Amino acid sequence: MANPAYVAVDWGTSSFRLWLIDRDGSILAERRSGEGMTSAAKIGFSTVLSGHLTAVEAPEGLPVIVCGMAGARQGWVEAGYIDVPAPLASILTAAVRVPGESRDIRILPGLAQRDVARPDVMRGEETQLLGALGRANSAAQAVCMPGTHSKWVHVGDGKVTGFSTFMTGELFDAISKNTILSHAVSGAEQQPADAAAFEAAVSAAFAHPALASNLLFTARSGQLLHGISAAAAQARLSGTLIGLEIAGALQDAANGTGITLVASGRLQALYEQAFNTLSLAFTAIDADAAVRGGLSAAAEAIWPN
């Protein structure tokens, strides 16, 4: 017989993911929806969660561990931040309980970098990081977590020493829809992806990041003067932004620092292609498995029995 131990929830800005977890760590049920923080704030966080708990037949009183934007200032209950440098495991002891609920619901905190010159925050990725690396990972490495706002985290001796956010995904969306390049990439989805154009753009941006805005414009000028396809233009835009991200992220990495890629789906494929193009060695970890692993570690620390 299945024996549920807890419910794990990753609550993003625009997405919601829930897993009913057995005592041996097996997934008994799963729910996904677009009811992220933005819509849940209007519907009611408790209402959204209750609907999904009912759908997976979660027993009354079963505890829930949550990471992500539900703990933001504009979320359900503010869970605050832990300042870096800090042990990765420190997030396990700082979960905030949601008041007024019949079951025990805890929200994990985020991480903050309070450097005046380079302030930064993350919320949700710290749980992926914990799941990907474990509580006591000692190897110095740079962890890449691609997304709308990609995170690059520097870890060593079991501590997060610093991190940087890159608005790569959001910039791609804004530039491809709201600039002159929207004409260049129109119809790209109906054409085969141009791997060669992507790889050339990654290499150019990585080698010459100061030319960023010029390299971006070549998606348009290349089409006007040389007839490159919409798919090639889109590949130049994507490759340029990802190449810039990698160049910036590795500025802070010591020589020989390993790279761990925490991603899944299309983004995993794109970043693997970029790393291979630049001859950068890396290890890939599935993002879904990582966030579940981090939530499981938190649940086991909070409810050991």
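Leaving aside neighbours within four places in sequence, Gln113 is in contact (heavy atoms within 4.5 Å) with Val84, Arg118, Pro119, Asp120, Gly162 and Phe163. The residue lies in strand β9 (residues 110–113); strands (E, at least two residues) and helices (H or I, at least four) are DSSP runs, numbered from the N terminus. With a relative accessible area of 13%, Gln113 is buried, where buried means under 20% relative accessible area, exposed over 50% and partly exposed in between (1.4 Å probe, protein chains only). The model is predicted, with local features needing pLDDT of at least 70 and side-chain atom pairs counting only at pLDDT 80 or more, whereas totals for chains, interfaces and linings use all residues. Residues are numbered from 1 along each chain as its sequence is written, and side-chain values use heavy atoms, with hydrogens and water left out.

Thr168 is found in helix α4 (residues 168–178) and, at 9% relative accessibility, counts as buried. Its side chain makes a polar contact with the side chain of Glu245, at 2.5 Å. A polar contact is a pair of N or O atoms within 3.5 Å; within protein, one must be able to donate a hydrogen and the other to accept it, and residues adjacent in sequence count only if both atoms are side-chain atoms. Apart from neighbours within four places in sequence, the residues in contact with Thr168 are Thr148, Ser150, Leu241, Ile242, Glu245 and Tyr271.

A search of the whole structure finds seven aromatic pairs. Rings of Phe, Tyr and Trp (its six-membered ring) pair if their centres lie within 6.5 Å; planes under 30 degrees apart count as stacked, over 60 as edge-to-face and the rest as tilted. Trp11 and Phe45 form an edge-to-face pair, 5.2 Å centre to centre with 65 degrees between the planes. This pair links distant parts of the chain, since Trp11 is in strand β1 (residues 4–11) and Phe45 is in helix α2 (residues 45–55), 34 residues apart. Both Trp11 and Phe45 are buried. The planes of the Phe275 and Phe282 rings stand at 45 degrees with the centres 5.4 Å apart, so this pair is tilted. Phe275 counts as buried at 0% relative accessibility, whereas Phe282, at 24%, counts as partly exposed. Ring pairs also link Trp11, Phe16, Phe45 and Trp76 into a cluster.

Helix α10 (residues 287–302) has 16 residues and should span 22 Å at 1.5 Å a residue; its end C-alpha atoms are 23 Å apart, which agrees. The expected span is 1.5 Å times one less than the number of residues. At the start of α10, a side-chain oxygen of Asp286 reaches to within 3.2 Å of the backbone nitrogen of Asp288. Asp288 is among the buried residues of α10, which also include Ala287, Val291, Leu295 and Ile302.

The protein chain has 10 helices and 15 strands. For 305 residues, a compact globule would have a radius of gyration near 19 Å; the chain has 21 Å, which agrees. The radius is taken over C-alpha atoms, and the globule rule is 2.2 Å times the number of residues to the power 0.38. Along the principal axes, the C-alpha atoms fill a box of roughly 65 × 40 × 40 Å. Buried residues make up 51% of the 305 residues. Among contacts between residues at least 6 apart in sequence, 63% join residues at least 24 apart.
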